[in-house]
Amino acid sequence: MTGFGLGSKDNQKVKYIVEIKSLNSKFLELSLRLPKAFSDKELALRSECTRLIERGKVSLSVSVEYVDQTATAATINTALLKKYFQQLEVLASELNTEKGKLFELALTMPDVISHNEEEAGEEEATLLMAAFKEAVTQLNRFRADEGEVLRQDLSTRTQSILLFLTEVEAVETDRVPLIRDRINHYLEETVGKENIDKNRFEQELIFYIDKLDITEEKVRLRSHCNYFLQALDAADANGKKLGFISQEMGREINTLGSKANHAGIQQIVIRMKEELEKIKEQLLNVL
C-alpha cells in the first residue's frame with residue numbers, strides 16, 4: 001500500500017499541484033491539506049479517495065502557484081494599524097516603557113495583515129480534480145509495480161511451504177516404527193519383556209498412533225496453500241482474504257508440529273513457520 005503520486009494542471013492564471021503519499025494501514029486514514037479557496041471541495045476529494053485508493057494511511061496536499069504573484073499579495077489595514085499603534089503609544093507612556101518596538105507589535109495584532117485568496121470557480125475546480133486524478137493514477141501505478149514484486153515473493157514463499165510439506169511426507173514413514181520401538185523399549189525396561197501383553201500392546205499402539213496421525217493436517221495445509229495462490233492471482237483487491245487464509249495455514253502448521261512427535265518433522269515445521277511469518281509481514285503491504 002505504500003506509494004507516491006504527483007499531478008499538476010495549469011491554465012493562464014494558476015497552477016495546481018497535488019501530491020499524494022500512502023503508507024500501510026488496515027483502513028483508509030486520510031489527511032487532506034487544501035487551500036482555503038477549495039475547502040468546499042474536501043468532501044468530494046474524500047469520496048474520490050475512498051473510491052480510488054481504498055486503503056492506506058494517505059496524505060494528500062494541494063499547492064497553488066499563481067502566474068500573477070500580486071494576485072495573492074498580503075494587504076495591510078492601515079487604519080487599523082494606526083489605531084493599534086496609537087493605543088500602544090498611550091499605554092507605553094502611561095507605563096513609562098520603551099516605544100521602540102511598538103510598530104512591529106502593532107503589525108502582529110489581529111486583522112492588521114490579511115492574505116487575499118482568489119475564490120475558486122468551476123474552471124479551477126475542474127483543473128484541481130484533473131491534477132488529483134493524475135496524482136492518483138501515478139500512486140496506483142506505483143502500488144501496482146510494488147504489488148507485482150510482492151506477489152512474486154508471496155508466491156515463492158507459499159511454494160516453499162508446499163515443498164516443505166513434501167519433505168514431511170518423505171520422512172514421516174519413519175514415525176510409526178520409531179514410536180513402536182520407543183514404547184516397546186520403555187515397557188521392556190519398566191515391566192519386563194515377558195510381562196508385555198502383545199495384543200494389548202498392539203491395541204494401545206494403534207490408538208496412540210491414530211491420535212498422532214497428521215494426514216488431515218497435510219491435506220488441509222496443501223488446500224490452504226493452493227487457495228492462497230489462487231487468491232494471489234485474482235484481479236480484485238484481496239489483502240484481507242489472503243490474511244485470513246494465512247491464519248488457517250498457521251493453524252495447520254502448528255497442529256502438524258504438535259502432533260508430529262518426530263524431530264525431523266518438527267525441524268521442517270519450524271522452517272514452514274519462518275516462511276509463514278514472512279508472508280504475514282508482506283501481507284501488511286497488500287490492499
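## A pair of strands and their crossover

In β4, the residue that bridges to Arg33 is Ser61. The two strands behind this bridge are β3 (residues 28-33) and β4 (residues 56-66), which pair in the parallel sense over six bridges; strands pair if DSSP finds at least two bridges between them. Between β3 and β4 the chain passes through helix α1 (residues 42-52), and this β-α-β crossover is left-handed. For reference, a crossover is right-handed if, with the strands pointing away from the viewer, the path from the first strand over the helix to the second runs clockwise.

Helix α1 also holds Glu48. This residue counts as buried because its relative accessibility is 15% (buried means under 20% relative accessible area, exposed over 50%, partly exposed in between, with a 1.4 Å probe and protein chains only). Leaving aside residues up to four places away in sequence, Glu48 touches Ile53, Met129, Phe132 and Lys133.

## The model and the whole chain

A word on what you are looking at: this is a predicted model, in which local features need pLDDT of at least 70 and side-chain atom pairs count only at pLDDT 80 or more, while totals for chains, interfaces and linings use all residues. Residues are numbered from 1 along each chain as its sequence is written, and side-chain values use heavy atoms, with hydrogens and water left out.

The chain has nine helices and six strands, taken as DSSP runs (helices H or I, at least four residues; strands E, at least two) and numbered from the N terminus. Of its 287 residues, 34% count as buried. Among contacts with a separation of 6 or more, 77% join residues 24 or more positions apart; contact means heavy atoms within 4.5 Å. The accessible surface comes to about 17700 Å², and carbon and sulfur atoms account for 52% of that (Shrake-Rupley method, 1.4 Å probe; for residues, only the protein chains shown count as cover).

In one of them, Glu134 meets Lys9, with the closest N and O atoms 3.5 Å apart. Glu134 lies in helix α4 and Lys9 in strand β1 (residues 3-10), so this pair ties together parts that are 125 residues apart in sequence. Glu134 is partly exposed at 28% relative accessibility, and Lys9 is partly exposed at 32%.

Another salt bridge joins Lys13 and Glu124 (3.7 Å, N to O). Here Glu124 is buried, with a relative accessible area of 10%, whereas Lys13 is partly exposed at 46%.

Glu275 and Arg157 form a salt bridge whose closest N and O atoms are 3.1 Å apart. Glu275 is buried, at 14% relative accessible area. Elsewhere, salt bridges that share partners join Glu216, Glu217, Arg220, Glu252 and Lys259 into one network.

Lys280 also sits in helix α9 (residues 263-283), and its C-alpha atom is 9.2 Å from that of Leu154, 126 residues away along the chain. Lys280 is partly exposed, with 32% relative accessibility.

## A nonpolar patch

Phe4, Leu6 and Phe142 make a nonpolar surface patch of about 250 Å². Patches are made of residues with over 30% relative accessible area and no salt bridge, like charges being joined within 9 Å and nonpolar side chains (Val, Leu, Ile, Met, Phe, Trp, Tyr) within 5 Å. Phe142 belongs to helix α4 (residues 122-171) and is partly exposed at 42% relative accessibility.

Note on methods:
A salt bridge is a side-chain nitrogen of Lys or Arg within 4 Å of a carboxyl oxygen of Asp or Glu.
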